[in-house]
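Please read the notes below alongside the coordinates. They cover helix geometry, helix packing, a few single residues and some backbone points.

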Amino acid sequence: MLPLDALLGWSRAQFALTACYHWLFVPLTLGLALIMGIMETLYVVKKDEFWKPVAKFWQKLFGINFAIGVATGLILEFEFGTNWSNYSWFVGDIFGAPLAIEGIVAFFLEATFIPLMFFGWKKLTPGWHLAATWLGGLGATISAWWILVANAWMQHPVGMEFNPETVRNEMVSFADVALQGMAVTKFFHTVSSAWMTGAVFVIGVCCWYLLRGRNVQMAKRSLHIAAVVGILSTFIVMATGDRSGIEIAKHQPMKLAAAEGLEDGQKQAPFSIVPGVEVPGVLSILATHDLDGYVAGINDLKREGEQKMVRGKQALEDFRLYRQALGKDSVAAQQHAENLKKNVAYFGYGHIEKADDLVPPVPMVYWAFRLMVGLGSALLLVMLLFLWFDFRKKEKYPKWLLHVGLWSIPAVYVASQAGWVVAEVGRQPWIIQDLMPVGVAISELPSANVVVTFFLFLIIFTALLVAEIKIMCNAIKSHEAK
């Protein structure tokens, strides 16, 4: 067996690989679900036959993407049991609940209504088919809700108590888990970014058609809808991103400090555009909505972490003594359990060896944040330009703008992936913030098994991605608007 650090490294790499590939498919599913729903609504409500074949075209691309995306999502959930069994044991009572609801509710909606959407055009009335389209999209969105509830709980664990007898955290408030501020903010931020991704994808495809002079009317009218959806979605992304900054400053201050490269805490903290270029006071406004608000720096949080490590090690010692007395001396066991409660909030810090281990990879988080914000802002400008030319009623968009729109497709995916890097890498070393370090969560597996499955998944996921791109490109190239 390879050393533990190799097992941990490969387990993390495998999960990151699966998550990154999965997130290539999910945003387009959610984004196209909204756009094709709007287009079919125009067909049904306005009785405009133009929109029927247009909606069917975008539904075809939605179906290709949805079918391939399901595979990565299932594997991602299974990895919690295979590679992270200690995590699953420790918090499975809580983490498993939203995933179970997702399977029962969201998968039911998707499995029922998405087939009706694809195969029901000639069998359902227009109104019922429209309902199937929206309900299929709703199922995908509900699925995202419960996944993001689970993820938000990992960022800010609430609604549970530690049971030292079973060595598990047990849920005491489902409402706290499902409706906490971190979950609501993360859902709207992530889903609106997915709507933006779908909008940019539609814009890019339409630009490809316009550059070649094909399907011009379909491309122009689809592009207009996508630009409106994309602009509105981007404003939601910005608003929820602002709220997310406050949540992170409150519950994950080290992530915020790493994203800004802020070494020492201060009031009127500046926002770093790039190293050496700062805007005074903006970070304090983003983190606290107060120009004089204090933002903790990396060094401050390391010193605070050292104190928590002391209390965490005491919690581990109390837990060891409790387990030792359990079944032998009920009075001593009760006393140790009471002592454990005083420091159980710092339980995870007992596994941290040194304060430097509390700091995530600062350069990666810092630049990922700037990629996310920078590309997102540029894409908003591109969509505004398309809408501006629409309102000027120009016959043709500038050729340079069409090329920019086409290349916006990879740009929006880079921005989306960068956002998840900030969220997940910025949380390190925690798999559950302040409660469980990543190194404690892994399964006891031969590292060679994880290495083999890593490369197996890499090959399979890459093949699926290449297949999707090829099938989509063929569908786009072969389409001729009626």
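The points below go from the basis of the model to helices, their packing, single residues and the backbone.

1. Basis. This is a predicted model, in which local features need pLDDT of at least 70 and side-chain atom pairs count only at pLDDT 80 or more, while totals for chains, interfaces and linings use all residues. Residues are numbered from 1 along each chain as its sequence is written, and side-chain values use heavy atoms, with hydrogens and water left out.

2. Helix 3. Helices here are DSSP runs of H or I with at least four residues, strands are runs of E with at least two, and both are numbered from the N terminus. Helix 3 covers residues 85–119, which is 35 residues, yet its end C-alpha atoms are only 41 Å apart, where a straight helix at 1.5 Å a residue would reach 51 Å. The expected span is 1.5 Å times one less than the number of residues. Helix 3 bends by about 90° at V91; the bend is the angle between axes fitted to the seven residues ending at a residue and the seven starting there.

3. Helix 10, span. How far apart are the end C-alpha atoms of helix 10? They are 40 Å apart, which agrees with the 40 Å that its 28 residues (298–325) should span at 1.5 Å a residue. Helix 10 is followed by G327, which has a positive phi near 85°.

4. Helix 10, burial. Buried means under 20% relative accessible area, exposed means over 50%, and partly exposed is in between, with a 1.4 Å probe and protein chains only. The buried residues in helix 10 include I298, L301, G305, K308, M309, G312, F319 and Y322; D300 and D318 are also buried. An α-helix has 3.6 residues a turn, so residues three or four places apart point the same way. The cover over the buried residues of helix 10 includes strand 1 (160–163), helix 8 (253–260), strand 6 (294–295), helix 11 (330–343) and helix 12 (362–391).

5. Helix 8 against helix 12. Two packed helices are described by the angle between their axes and the distance between the axes. The axes of helix 8 and helix 12 come within 7 Å and cross at roughly 75°. Helix 8 and helix 12 are therefore roughly perpendicular to each other, a term for angles of 65 to 115 degrees. On helix 8 the contact is made by K255, A258, A259 and E260, and on helix 12 by V362, V365, Y366, F369 and R370. These residues divide into 6 nonpolar, no polar and 3 charged. Ala, Val, Leu, Ile, Met, Phe, Trp, Tyr, Cys and Pro count as nonpolar, Asp, Glu, Lys and Arg as charged, and the others, Gly among them, as polar. Contact means heavy atoms within 4.5 Å.

6. Helix 7 against helix 8. The axes of helix 7 and helix 8 are 5 Å apart, at an angle of about 115°. Axes are lines fitted to C-alpha atoms, for helices over the stretch in contact, and angles run from 0 to 180 degrees between N-to-C directions. Helix 7 contributes I248, A249, K250 and H251 to the contact, and helix 8 contributes P253, K255 and L256. The division is 4 nonpolar, 1 polar and 2 charged.

7. E247. Is E247 buried or exposed? E247 counts as buried, at 6% relative accessibility, and lies in helix 7 (residues 216–251). Not counting residues up to four places away in sequence, E247 touches G181, M182, T185 and Q252.

8. T133, in helix 4 (residues 126–155), is buried at 0% relative accessibility. Beyond residues up to four places away in sequence, T133 touches M36, G37, E40, Q59 and M117. F15 is in helix 1 (residues 4–46) and is partly exposed at 22% relative accessibility. Leaving aside neighbours within four places in sequence, F15 is in contact with L76, E79, F80 and W84.

9. Backbone. Most residues other than glycine have a negative phi, and most peptide bonds are trans. K47 is not a glycine but has a positive phi of about 55°; K47 lies in the loop between helix 1 and helix 2 (51–82) and is exposed, with a relative accessible area of 68%. Q268, also not a glycine, has a positive phi of about 50°. Q268 is in the loop between strand 3 (266–267) and strand 4 (271–274) and is partly exposed at 42%. The peptide bond from Q428 to P429 is cis, with omega near 15°, and P429 lies in the loop between helix 13 (399–425) and strand 7 (430–432).

Definitions and conventions. Angles under 35 degrees count as roughly parallel, over 145 as roughly antiparallel, 65 to 115 as roughly perpendicular and the rest as oblique.
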